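Here are my notes on this model, point by point. Please keep the sequence and the 3D view open while you read.

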Amino acid sequence: MHILLVKVQHKILDEKVDNLIFHLNEGLESTHRQLANNYEGTAAAQHLCSAIGGLLGVLALQKDFQGCFRHFPREAKDLALGKELPADEHHHLYELLKATLLNEKNHISSPEHTLAVFAKHFALKRPFFEPYFQLWLKVAESKLSPSARVLERLAYGTLNLVEMMVDQGLLHDAVYRASEMDTELLLRYNQNRVMSIDEALMEGNFDVDNTKLDLTNKRIPCIKCGSYAPLHGYEEIEPGSKHYIAYGFNCNHCGMELFDQKDLLLAGIKPIYEIS
Ligand SMILES: [Zn+2]
């Protein structure tokens with residue numbers, strides 16, 4: 001990308017990252033406080049939702065810069081295509097780019113857009129993050145109240161997203177460093193899932209094959225009670241192949257829940273099914 005566009009991109013990113021740092025710190029600190037003292041409240045969840053939105057916004061600005069604007073001027077498109085410009089035009093052009101691209105009214109920052117960018121560029125990471133994104137949308141739209149379990153899941157999803165973006169070079173590791181409490185939360189979350197799935201498997205104690213999926217209504221037998229219930233997932237279509245990517249399971253009969261794809265794997269449930 002042309003240096004002038006990179007300069008504008010960094011200006012937008014700097015502001016977004018400042019905002020992100022605030023919500024990450026507030027969100028995670030208040031989550032730990034709320035979980036430790038067992039009180040109700042929505043502030044922690046709201047900060048975590050803003051942090052996830054901010055992380056995805058930072059990701060989209062780097063992976064699909066042009067797509068982040070309602071109007072991307074012709075001069076910017078020329079620069080994006082690598083067209084060289086006389087040096088004496090740089091100043092004028094930079095002012096023009098700033099006027100159009102720094103204007104927040106011109107920014108597209110809807111979850112639909114940022115999630116589509118994520119799905120396109122991180123197809124392999126999507127199965128793990130999808131249930132956390134769905135949870136984020138529900139809490140952000142106030143369709144779900146943030147119970148302790150919801151809050152813990154949001155924090156777990158946020159911390160994993162930060163780690164993934166640092167690994168991918170999309171976020172500087174100084175933006176957020178996991179605290180001792182964060183590390184404890186991650187550990188506790190993973191220990192709890194192993195324990196509850198092991199318990200369910202022992203309690204189930206019957207021989208069902210939950211590696212085969214009824215492709216019409218995407219149902220498999222529950223590991224705990226054997227009742228059939230739907231696997232949550234999405235279809236991934238590529239040239240010449242179509243797959244169902246499962247990322248979670250909920251049994252309406254006994255309440256058994258496998259929240260993410262790691263849970264499915266621990267329960268011995270196949271996460272990818274060929275449709276055609
Ligand atoms: Zn069940």
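1. In which sense, left-handed or right-handed, does α1 pass α7? The crossing of α1 and α7 is left-handed. A crossing gets that name if the near helix is turned anticlockwise from the far one by less than a right angle, and it is right-handed if clockwise. Helices here are DSSP runs of H or I with at least four residues, strands are runs of E with at least two, and both are numbered from the N terminus.

2. A word on the source. This is a predicted model, in which local features need pLDDT of at least 70 and side-chain atom pairs count only at pLDDT 80 or more, while totals for chains, interfaces and linings use all residues. Residues are numbered from 1 along each chain as its sequence is written.

3. Now the overall layout. The protein has 9 helices and 5 strands. From the N terminus, the order is α-α-α-α-α-α-α-α-β-β-β-β-α-β. The C-alpha atoms fill a box of roughly 75 × 50 × 30 Å along the principal axes. Of the 276 residues, 31% are buried. Buried means that 20 or more other C-beta atoms lie within 10 Å of the residue's own; exposed means 12 or fewer, and partly exposed is in between, with C-beta atoms placed from the backbone.

4. Contacts come next. Two residues are in contact if their C-beta atoms, placed from the backbone, lie within 7 Å. Take the contacts with a separation of 6 or more: residues 24 or more positions apart account for 64% of them.

5. The domain assignment gives domain 1 (3-171) and domain 2 (179-276). Such bounds come from an automatic or database domain assignment. The centres of the two domains, taken over C-alpha atoms, are 29 Å apart. Domain 1 puts 11 residues into the contact, and domain 2 puts in 13. On the domain 1 side, α1 (3-37), α6 (126-140) and α7 (148-167) each supply at least two residues. The most come from α7, with 5 residues. By class, this side of domain 1 has 7 nonpolar, 1 polar and 3 charged residues. Nonpolar covers Ala, Val, Leu, Ile, Met, Phe, Trp, Tyr, Cys and Pro; charged covers Asp, Glu, Lys and Arg; the others, Gly among them, are polar.

6. Back to the helix pair. The angle between α1 and α7 is about 145 degrees, and their axes are 10 Å apart. Axes are lines fitted to C-alpha atoms, for helices over the stretch in contact, and angles run from 0 to 180 degrees between N-to-C directions. From α1, the residues G27, L28, T31, Q34 and L35 meet A148, L151, E152, A155 and T158 of α7. This contact divides into 5 nonpolar, 4 polar and 1 charged residues. An α-helix has 3.6 residues a turn, so residues three or four places apart point the same way.

7. Check the length of α1. At 1.5 Å a residue, its 35 residues should span 51 Å, and the end C-alpha atoms are 50 Å apart, which agrees. The expected span is 1.5 Å times one less than the number of residues. Buried residues of α1 include L4, V8, V17, L20 and H23. The buried residues of α1 pack against α2 (43-63), α3 (74-80), α4 (90-101), α7 and α8 (180-204). Just after α1, N38 takes a positive phi of about 55 degrees.

8. Look at P127, which lies in α6. Is P127 buried or exposed? P127 is buried, because 21 other C-beta atoms lie within 10 Å. P127 and I245 are 118 residues apart in sequence, and their C-alpha atoms are 6.8 Å apart in space. Leaving out residues up to four places away in sequence, P127 touches I245, Y247, Q261 and P271.

9. Compare Q62, found in α2. Q62 is partly exposed, because 18 other C-beta atoms lie within 10 Å. Q62 and L171 are 109 residues apart in sequence and 10.0 Å apart in space, C-alpha to C-alpha.

10. Finally, two loop residues. S142 is not a glycine, yet has a positive phi of about 55 degrees. S142 sits in the loop between α6 and α7. S142 is exposed, because 12 other C-beta atoms lie within 10 Å. K218 lies in the loop between α8 and β1 (219-221). The phi of K218 is near 55 degrees, a positive value in a residue other than glycine. K218 counts as partly exposed, because it has 17 C-beta neighbours inside 10 Å.
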